[in-house]
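Here is a short briefing to read alongside the model. Take a moment to get your bearings, and then we can walk through it by topic.

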Amino acid sequence: MRTKIAGIGHYVPEQIVTNDQLAQYMDTTDEWIRERTGIEERRYAIKHKESTSSLGVKAAKIAIERAGITPDDIDFIIFATLSPDYYFPGCGVLLQRELGITKREAGALDIRNQCSGFVYGLSIADQFIKSGMYKNILLVGAEMHSMGLDFSDEGRAVTVIFGDGAGAVVLQPTKDENQGILTTCLHSDGTHAEELAMINPGSHGGYHLGTEKFGYPDVDVPGGVFVTQKMVDDNLLAPNMTGQLVFKTAVVKFPEVIKEALEKTGLSTDDIDILVPHQANLRISQFVQKILRLPDEKVVNNIQKYGNTTAASIPIALSEAWEAGRVKSGDLVCLAAFGSGFTWGSALIRW
Ligand code: COA
């Protein structure tokens with residue numbers, strides 16, 4: 001028994017935000033952003049009208065329709081995001097409610113593996129399908145970063161990179177030996193957990209990093225305070241990133257985990273028909289392409305239009321490539337991701 005992608009879809013918000021528009025709020029330029037990241041524009045959801053789960057619902061509806069099933073056929077939901085609607089509960093149940101997946105009261109699992117969330121979710125779904133537990137799993141990767149970015153000069157290195165969007169797939173069992181997920185590889189290294197992170201608000205209370213600096217004053221209650229005035233005043237409620245460390249680690253881990261998947265399946269880089277890397281930075285993808293010696297037509301890049309959409313980036317890119325006819329029956333599709341954690345992973349799929 002193997003797991004196949006039976007339907008795929010994506011949704012990106014209509015609102016386009018160009019580099020020049022961002023330059024109106026922070027000290028940056030179109031030239032700097034293009035040169036360093038390849039990004040030309042990104043999409044932002046309409047604040048107060050859209051949310052991470054609502055973007056996910058739109059992508060999911062397309063994937064469900066293309067799989068030729070109805071929402072009530074879904075027997076498990078996996079939702080990957082780092083920008084959920086609520087701190088809790090997760091987006092999985094909001095999507096379940098919105099899609100009206102009520103008949104089976106399908107389980108909903110939320111995963112928080114940031115940029116590798118989709119690959120992790122795919123691997124989880126693959127195990128559930130292969131074990132025979134579920135027959136129609138809906139896997140969604142969605143982000144609404146625009147709600148939590150720092151639009152001051154201080155946040156510019158992070159803010160210019162990220163965008164909003166969603167992608168979804170429906171996964172089903174197949175007995176066809178020539179189709180489906182061949183393998184997945186998952187890894188992590190928490191050594192640099194805080195180097196690409198949004199650490200406040202959280203339960204750490206300064207435990208890992210020094211109380212004062214991270215905004216937890218002593219308060220006269222037995223517990224802590226979730227959001228403090230100091231966090232707001234000192235701008236400690238935004239993501240932070242040590243860009244060069246992320247870049248240097250990513251260009252090593254991407255090829256490593258792709259080669260691991262190829263070795264596990266007895267295949268080589270020449271066998272790859274299409275590589276869909278997580279859209280972290282165009283320069284990272286170009287580096288990986290060069291190391292693997294893949295021609296341009298075998299690598300999918302759409303970061304120019306959408307920026308880095310984290311858990312949504314692989315399903316959006318895969319969906320676009322599929323719509324454009326770049327992913328055909330029998331093709332060997334390679335997915336690879338790296339990001340905050342650090343966590344990283346790969347998947348090989350015979351389409
Ligand atoms: N516009 C203009 N200048 C900016 C800027 C922006 N948006 N962001 C940072 N700068 C400035 C810095 O302040 C610094 O100025 P200084 O030299 O006066 O101190 C200068 O540009 C260089 O900064 P640096 O961080 O060394 O740039 P870089 O070449 O490493 O590029 C990134 C920064 C973020 C583009 C790059 O490190 C990167 O892409 N890293 C990987 C990020 C990533 O992929 N994240 C997602 C992982 S899933």
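Leaving aside neighbours within four places in sequence, which residues is Val-288 in contact with? The partners are Phe-254, Pro-255, Ile-258 and Leu-275, where contact means heavy atoms within 4.5 Å. Please keep in mind that this is a predicted model, in which local features need pLDDT of at least 70 and side-chain atom pairs count only at pLDDT 80 or more, while totals for chains, interfaces and linings use all residues. Residues are numbered from 1 along each chain as its sequence is written, and side-chain values use heavy atoms, with hydrogens and water left out.

**Around Val-288**

- Val-288 sits in helix H9 (residues 282–292); helices here are DSSP runs of H or I with at least four residues, strands are E runs of at least two, and both are numbered from the N terminus.
- Val-288 is buried, with a relative accessible area of 1%; buried means under 20%, exposed over 50%, and partly exposed in between, using a 1.4 Å probe and protein chains only.
- Val-299 is eleven residues from Val-288 in sequence, and their C-alpha atoms are 9.8 Å apart in space.

**The ligand site**

- The ligand is surrounded by 23 residues, and the closest are Thr-28, Arg-36, Arg-156, Gln-244 and Asn-281; a residue counts as near if one of its heavy atoms lies within 4 Å.
- The side chain of Thr-28 has an N or O atom 2.6 Å from a nitrogen atom of the ligand.
- For Gln-244, a side-chain N or O atom is 2.7 Å from an oxygen atom of the ligand, and for Asn-281 a polar side-chain atom lies 2.5 Å from a ligand oxygen atom.
- On its own the ligand has 960 Å² of accessible area, of which the protein covers 71% (Shrake-Rupley method, 1.4 Å probe).
- Helix H2 (30–37), helix H6 (156–159), helix H8 (243–265) and strand S12 (332–339) each supply at least two residues of the shell, and H8 gives the largest share, with four residues.

**Two domains**

- The domain assignment, which is automatic or from a database, gives domain 1 (2–174) and domain 2 (180–193 + 241–350).
- The contact between them takes 48 residues from domain 1 and 42 residues from domain 2.
- The centres of the two domains, taken over C-alpha atoms, are 17 Å apart.

Conventions
A polar contact is a pair of N or O atoms within 3.5 Å; within protein, one must be able to donate a hydrogen and the other to accept it, and residues adjacent in sequence count only if both atoms are side-chain atoms.
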